[in-house]
Amino acid sequence: MNEATGNLDAAFWDRARRHLVRYGADFMPVIVEKAEGSFMTDASGRRILDFASGQMSAILGHSHPDIVDTVRRYIGELDHLYSAILSRPVVDLAEMLARLAPGLLERVLLLSTGGESNDAAIRMAKLATGGFEIVALSRSWHGVTGAAASATYAWSRRGYGPAAAGSIAIPAPDSYRPRFGAANGYDWQGELNYAFELVDRQSTGNLAACIVEPILSSGGVLEPPEGYIAALAAKCRERGMLLIFDEAQTGLGRTGTLFACERDGVVPEFLTLSKTLGAGIPLSAVLTTAGIEEKCYERGFLFYTTHVSDPLPAAVGLKVLEVILRDKLVERARVAGQRLRDGLLALQQRYECIGDVRGRGLLLGMDLVEDRETREPAPDLAQDVLRRCLELGMSTSIVRGGLGVFRIAPPITISDAEIDLGLSIFDQALRDATQ
Ligand SMILES: Cc1ncc(COP(=O)(O)O)c(C=O)c1O
């Protein structure tokens, strides 16, 4: 491969170094020229299996034909409008989300990114309750914009001055490395009771909301134990707090139900969707009840953005939902997820360094450890395996912050053969990195 056109293209990397702001992770040593289905193609013509759905978003794979048709049509006839002008795709998508969502979450705000959707939900929760204190889990990721960043604890918060007043963290539930009652099993109820005792001590009497991912993805693919979310909801209700579920990554089928919160049988006051809703196109949504929306409206709710209620992304979101339902992709995620989990569990039998396999559907975590007894994380080994996976033709993701957890989230359109290919690449990469 010619150096000027392959991944080593020195001029490309030189221009990238000179002109791009670096924003959080080292750039991977590939230049991607094309992405289609479950694969990307790099500048050396190599196909790379995308086991991370882009940034956990491309649930239908890349350039799904129905999405391509929709974008082509809408960019040609109805792209973007003045923010106070409505169009049919916006109302159609709002209606469809209201119909599909659990409970009576029948009012919808359509925005662009996950951070924005959480900011909007938090603003509404503050306005509706009159409070301002926001409780979040200690390994959460809700975005890098204002209120979402204040409720995000999975990454370093250092260097940007104070977070919003009233930001309160409680321990993220961690069944693999429990902090409460480890000898007799995980006493998550004891942990939660203690967490809210601390919330009550810190609160100035202005609790507004608690924001939660039904599975904490960036925090290490932590799946709260059954019953945890319902118990958390009860704690919130006792205190008059509103519950916000952030289903950026878990929403729209990935975990084997359309919304991950269905497993927990809890309906929040707010459900936020992003990443998977646009399947790669920037689109997010806040769903809430009519009662909350009415109250916020009366109190002058403002969240007026350039791309609020834009027709093109709304049309894409509508098509994403249509394809997921038409092609029965929720069930597919459950079946494919089981195949992937079985494969990872088989690898765990062979590699001592795989301490835990967890998650649901096609959002799985593989936790690499130094020692199965102590469960000490192995972040350096995880980096080596990640690097080797890419060399072998697979892109995947590891969570940051001293953990060694792979976050595995391929498109829910993935075939059995592609899952098996991913597993064989993991097998080879683990072998090479541990020899
Ligand atoms: C659960 C969750 N919420 C919110 C966000 C933020 O979304 P965005 O980056 O689109 O603002 C993310 C991004 O990783 C996420 O994982």
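**Ground rules.** I number residues from 1 along each chain as its sequence is written, and side-chain values use heavy atoms, with hydrogens and water left out. As the model is predicted, local features need pLDDT of at least 70 and side-chain atom pairs count only at pLDDT 80 or more, while totals for chains, interfaces and linings use all residues.

**Second largest pocket.** A pocket here is an open set of points on a 1 Å grid over the protein atoms alone, with protein on both sides within 12 Å along at least five of seven lines; lining residues have an atom within 4 Å of a point. I find 22 lining residues, with Val108, Leu109, Glu293, Val308 and Ser309 nearest the centre. At least two residues each come from α4 (88-100), β4 (107-111), β10 (284-288) and α10. β4 gives the largest share, four residues. Helices (H or I, at least four residues) and strands (E, at least two) are DSSP runs, numbered from the N terminus. The lining splits into 17 nonpolar, three polar and two charged residues. Ala, Val, Leu, Ile, Met, Phe, Trp, Tyr, Cys and Pro count as nonpolar, Asp, Glu, Lys and Arg as charged, and the others, Gly among them, as polar.

**Cavity.** I searched the whole structure and got one cavity of 30 Å³ or more; a cavity is a set of points where a 1.4 Å probe fits but cannot get out. The largest cavity holds about 40 Å³. Its lining includes Ile122, Lys126 and Phe132, and α5 (114-129) and α6 (146-150) are the elements giving two or more residues. I count the lining as six nonpolar, two polar and one charged.

**Positive phi.** Most residues other than glycine have a negative phi, so I looked for exceptions. Leu252 has a phi of about 65° and sits in the loop between β8 (242-246) and β9 (270-273). Leu252 is buried, at 0% relative accessibility. Arg375 has a phi of about 60°, in the loop between β12 (363-371) and β13 (376-377). Arg375 is partly exposed at 32%. Buried means under 20% relative accessible area, exposed over 50%, partly exposed in between (1.4 Å probe, protein chains only).

**Tyr304.** This residue lies in the loop between α10 (290-298) and α11 (311-326), and I have it as exposed at 51%.

Technical notes:
Grid points are joined across faces, edges and corners, and a volume is the space filled by probe spheres set on the points.
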